[in-house]
Amino acid sequence: MGPQVAGGGDLESPQARVSVPPTPPIVLASESPQRRAILEQLDIPFRVVPPRYEEHDSPGADPVELVREHSRGKARSVGPHEECPVLGVDTAVVVDGDALGKPATTAEAELMLERLSGRTHEVVSGLCLITPGWEELHHETTRVTFRALTARDLAHYLGSGEWENRAGAYAIQGLGVSFVERVEGDYLNVVGLPAALLVRLLAERFAGLYGFG
């Protein structure tokens, strides 16, 4: 028994307190506000470092391999860091085996939404987590079913401008949710980050450090 305890010393004194080092923040290789919001929702400390990576999609390339390649490229472009794990994510909307990118015009957005109308498509995300000692590369798929969209639905949504800078021309966390009949899988994956996959990896690799595992 230590002298402080044996002698009835003050356990709340500065000498008695145990210093707990802060949890190292995850380095997020993305400027996506949706991904930042999901990490904040999960109470995971992070800091943003914009990736120095250019995406090049080969015609006819497999969408799953593309998102895996892009997530790894983003993570590697800013890391690894000595103390902090680096997270790279890339997400694609896939229908008929084709990855739908971000529409450049209203007309292009309309064509994408017409293609998704009344059908089930997939949202596929690649996720790469790296440290100086290891690299984890995975992907997650969520199936999303749209109701049949009318001309009025399309006009209202296109007029909102929400389609801009959105893969597949919609945002499920916004007005785009009005199109959705069913989601099978991780909803947050559709928003932009496969949260269940990330939590599982953090629980396995950093048990308890980020509050998981």
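For the count of charges, Lys and Arg are taken as positive and Asp and Glu as negative, while His and the chain ends are left out. Each charge is placed at NZ of Lys, CZ of Arg, CG of Asp or CD of Glu. On this basis, the mean positions of the 19 positive and 30 negative charges of the protein lie 0 Å apart.

The model is predicted: local features need pLDDT of at least 70, side-chain atom pairs count only at pLDDT 80 or more, and totals for chains, interfaces and linings use all residues. Residues are numbered from 1 along each chain as its sequence is written, and side-chain values use heavy atoms, without hydrogens and water.

The protein contains 7 helices and 7 strands; helices (H or I, at least four residues) and strands (E, at least two) are DSSP runs, numbered from the N terminus. In order from the N terminus, the elements are α-β-α-β-α-β-β-α-β-β-α-β-α-α. The protein is more spread out than a compact globule, because its radius of gyration, 22 Å, is well over the 17 Å that the globule rule gives for 213 residues. The radius is taken over C-alpha atoms, and the rule is 2.2 Å times the number of residues to the power 0.38. Along the principal axes, the C-alpha atoms fill a box of roughly 80 × 35 × 25 Å.

Of the 213 residues, 42% are buried; buried means under 20% relative accessible area, exposed over 50%, and partly exposed in between (1.4 Å probe, protein chains only). A contact means heavy atoms within 4.5 Å. Among contacts between residues at least 6 apart in sequence, 63% join residues at least 24 apart.

Helix H5 (residues 151–160) has the buried residues Asp153, Leu154, Tyr157 and Leu158. These cover an arc of only 115 degrees around the axis, so they are on the same side of H5. The arc is that of the directions from the helix axis to the C-beta atoms. In general, an α-helix has 3.6 residues a turn, so residues three or four places apart point the same way. Helix H4 (106–116) is included in what covers the buried residues of H5. The face turned away from the buried side carries the exposed residues Ala151, Arg152, Ala155, His156 and Gly159. After H5 comes Gly161, with a positive phi near 80 degrees.

Gln34 belongs to helix H2 (residues 33–41) and is buried, with a relative accessible area of 19%. Leaving aside residues up to four places away in sequence, Gln34 touches Arg166, Gln173 and Val191.
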